[in-house]
Amino acid sequence: MTPDMDSKLRADHVSDDAIPTPAEPGHGARSSRLEIPPLVVAMTRERRIEAENRLRRKIDIRLLPMIILMYIMNYLDRNNIAAVRLAGLQDELDLSSTQYQTVISILFVGYIIMQIPSNLILNKTGRPAIYLPTCMVIWGIISGATGTCHNFSGLVVCRFFLGFIEAAYFPGCLFYLSSWYTRKELGLRTAVLYSGSLVSGAFGGLVTAGITSNMDGTKGLRAWRWVFILEGIITVVIALSAFIVLPNFPRTTTWLTEEERQLAVYRLQEDVGEDDWTDSESQSFFYGLRLALVDVKTWVLMVLLLANVSSASVTNFFPTVVKTLGYGNVETLLLTSPPYVLAVITTYINAWHADRTGERFYHIVLPLCFGVFSFILAAATHSVAPRYVAMMLMVPGVYTGYVVALVWISNSLPRPASKRAAALAFINAISNTSSIYASYMYPQPQGKVQPNLTLPLSVDCATAALAIIMAAVMRIILSRLNKKLAKGEHVEGAINAVPGVAAEHGFRFLV
């Protein structure tokens, strides 16, 4: 999914395609129809630069570290089911391959059902600092309770409700970030957020390996139970601290000064020429969803993300994939970490460069090309060295461009806030439907039997290729819309499409 923390001011507009035409910082475009707040209009250029940099640092410090921690636990609690298979879960509960696949896929049923309602609720209330940590406390309790399951039915119930509650977090955070940062600042911040999932993938296997080696049988419990219990406790503790640290939206964060509040609100207005979240009364549950569904860009992005997530389904079973190398359980869990570490590095670099250059298409497509190559290599060989090279490329290949694709949603459907919230949730929800059917593509045999992964790897390769095609379609659509905007023509759904205003602010879609 996926940038640098530079100023919104003209001097830093290296890559923004939505640059307001020459404007004095703090004063917007001279002929702008935006109402400039009094404390902002009084700022000199130097004062505006200093104030905006200080505001951005303040929000970065309060927001980014906490949402990374929260997402690490969100992803860990959701995906540790793959690692605990090697820690005794499947054997102790005597789960067949189909039952284990159902346990994995049922989470995404709940996850899909709740994403759109959750984002609309978040947009309506305007209190993410309360809403998101509350959801986290609940999913932490459910995660811990999973360690007490004694049969297939109990495991399915816990996994369904875990997905139902966890659905609030990721699309909620994407909307959350887009309510604080300008479009050219979103890439790096989204990469920072998504690095939480990659870090959890890198260290989740290490944690499970450590618990398997040292706690199996402690207090009469198998290692897999301790994984769920300990991670559930940690999740609740982090959630309680999040209530104190996180900000709400710019207009509802109490610890901002009035000057900071006015600047935080205005710089988002200035970025696209239209106000963002104002108050709960102005947010309609269904109006934004309707706007999102009638916009063709939503559907193109939906197919793009669906194909990308489908190709990334290999990570839901990554320990099983690595196990085909023939190593023991602990060694296998350790070998799952390096691909995620590489993915963290490539994701940061790619997202930073995407924001630096203002380009989106190639930053999505080029990583996917490596993904396509890795799937072909893994399916075509059974030798250990080239197969592990393929595994090293799989995770970066499917995730590095994914972060930029997520940012492309907010870039292409920025206003009104209710439309952006609905689009983010809708696209993320539909894209995760692939995890339901993909769960049944990867066999999970009991014992030491190694599954044949040629078919699932081939499907992942095909869906990665489809994502590349849809990115090309999206680029063509946005390029044509930009040409219309350059001619002063009305573009439905574009910010500043009101006659005269688009020209003043120079809005262009990022391609």
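This is a predicted model: local features need pLDDT of at least 70, side-chain atom pairs count only at pLDDT 80 or more; totals for chains, interfaces and linings use all residues.
1. Residues are numbered from 1 along each chain as its sequence is written, and side-chain values use heavy atoms, with hydrogens and water left out.

2. Have a look at the surface patch. Ile130, Leu240, Phe243 and Ile244 make up a nonpolar patch with about 400 Å² of accessible area together. Helix 9 (residues 223–245) gives the largest share, three residues. To join such a patch, a residue needs over 30% relative accessible area and no salt bridge, with nonpolar side chains (Val, Leu, Ile, Met, Phe, Trp, Tyr) joined within 5 Å and like charges within 9 Å. The areas are Shrake-Rupley values with a 1.4 Å probe.

3. Leu240 sits in helix 9. Its relative accessibility is 49%, so Leu240 counts as partly exposed (buried is under 20%, exposed over 50%, partly exposed in between, with a 1.4 Å probe and protein chains only).

4. On to salt bridges, of which the structure holds 18. The cut-off is a side-chain nitrogen of Lys or Arg within 4 Å of a carboxyl oxygen of Asp or Glu. One of them pairs Glu260 with Lys58, the closest N and O atoms being 3.0 Å apart. Glu260 belongs to helix 10 (residues 258–272) and Lys58 to helix 2 (residues 45–84), so this pair ties together parts that are 202 residues apart in sequence.

5. Glu92 and Arg225 form another salt bridge, with the closest N and O atoms 3.1 Å apart. This pair links distant parts of the chain, 133 residues apart: Glu92 is in helix 3 (residues 89–92) and Arg225 in helix 9. Arg225 is buried, with a relative accessible area of 4%, whereas Glu92 is partly exposed at 34%.

6. What is the distance between the closest N and O atoms of Arg267 and Glu185? In this salt bridge they are 2.8 Å apart. Arg267 lies in helix 10, and Glu185 in the loop between helix 7 (169–178) and helix 8 (186–214), 82 residues apart. Both residues are buried. Salt bridges with shared partners join Arg48, Glu52, Arg56, Glu185, Arg267 and Glu270 into one network.

Note on methods:
Helices (H or I, at least four residues) and strands (E, at least two) are DSSP runs, numbered from the N terminus.
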